[in-house]
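This briefing is intended for a reader who is new to the structure shown below.

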Amino acid sequence: MRIALPISLVVTGLLLIVGSIWLTWYFFEYESDNAGALFGMTVMPLSVGIGSILTIIGIVVAVVRFANRKK
């Protein structure tokens, strides 16, 4: 049960990163270039930043918990 939090943080962070990259590609490909540029300059950096922070926190929590486990 102690591994559930780091796994959920890493998965949520990676989903934010991959989802925002996919949505930016979708807007450029199927909508207009303006919609893709607007999304790519506003929402994508924010969601990739939050996703990166969540992923890093999840990895750090997992490493700390692994290092402090009882032997």
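Leu15 lies in helix α1; helices are DSSP runs of H or I with at least four residues, numbered from the N terminus, as strands are (E, at least two). Leu15 is exposed, because its relative accessible area is 60%; exposed means over 50%, buried under 20%, and partly exposed in between, with a 1.4 Å probe and protein chains only. The model is predicted, so local features need pLDDT of at least 70 and side-chain atom pairs count only at pLDDT 80 or more, while totals for chains, interfaces and linings use all residues. Residues are numbered from 1 along each chain as its sequence is written, and side-chain values use heavy atoms, with hydrogens and water left out.

**The nonpolar surface patch**

- Leu15 forms a nonpolar patch on the surface together with Ile3, Ile7 and Val11, and the accessible area of these residues together is about 380 Å².
- Patches are made of residues with over 30% relative accessible area and no salt bridge, where like charges are joined within 9 Å and nonpolar side chains (Val, Leu, Ile, Met, Phe, Trp, Tyr) within 5 Å.
- A salt bridge is a side-chain nitrogen of Lys or Arg within 4 Å of a carboxyl oxygen of Asp or Glu.
- Accessible areas come from the Shrake-Rupley method with a 1.4 Å probe, and for residues only the protein chains shown count as cover.
- An α-helix has 3.6 residues a turn, so residues three or four places apart point the same way.
- Ile3 is placed in the segment before α1, and Ile3 is partly exposed because its relative accessible area is 49%.
- Ile7 is in helix α1 and counts as partly exposed because its relative accessibility is 46%.
- The C-alpha atoms of Ile7 and Gly58 are 6.6 Å apart in space, although 51 residues separate them in sequence.
- The C-alpha atoms of Leu15 and Gly49 are 12 Å from each other, with the two residues 34 apart along the chain.

- Helix α1 covers residues 4-30, which is 27 residues, and reaches 37 Å from its first C-alpha to its last, close to the expected 39 Å.
- The expected span of a helix is 1.5 Å times one less than its number of residues.
- The buried residues in α1 are Pro6, Leu9, Gly13, Ile17, Ser20 and Thr24, and their cover includes α2 (33-67).
- Gly13 counts as buried because its relative accessibility is 0%.
- Gly13 touches Gly51, Leu54 and Thr55, not counting residues up to four places away in sequence; contact means heavy atoms within 4.5 Å.
- Gly13 and Ala37 are 23 Å apart, C-alpha to C-alpha, and 24 residues apart in sequence.
- Thr24 is buried because its relative accessible area is 9%.
- With residues up to four places away in sequence not counted, Thr24 touches Gly36, Phe39, Gly40 and Met44.

**Trp22 in helix α1**

- Trp22 also belongs to helix α1 and counts as partly exposed because its relative accessibility is 46%.
- Between the C-alpha atoms of Trp22 and Gly58 there are 23 Å, and the residues are 36 apart along the chain.

**Ser47 in helix α2**

- Ser47 is found in helix α2 and counts as buried because its relative accessibility is 12%.
- Ser47 touches Leu16 and Ser20, not counting residues up to four places away in sequence.
- The side chain of Ser47 also reaches the backbone oxygen of Met44 at 3.2 Å.

Notes: A polar contact is a pair of N or O atoms within 3.5 Å; within protein, one must be able to donate a hydrogen and the other to accept it, and residues adjacent in sequence count only if both atoms are side-chain atoms.
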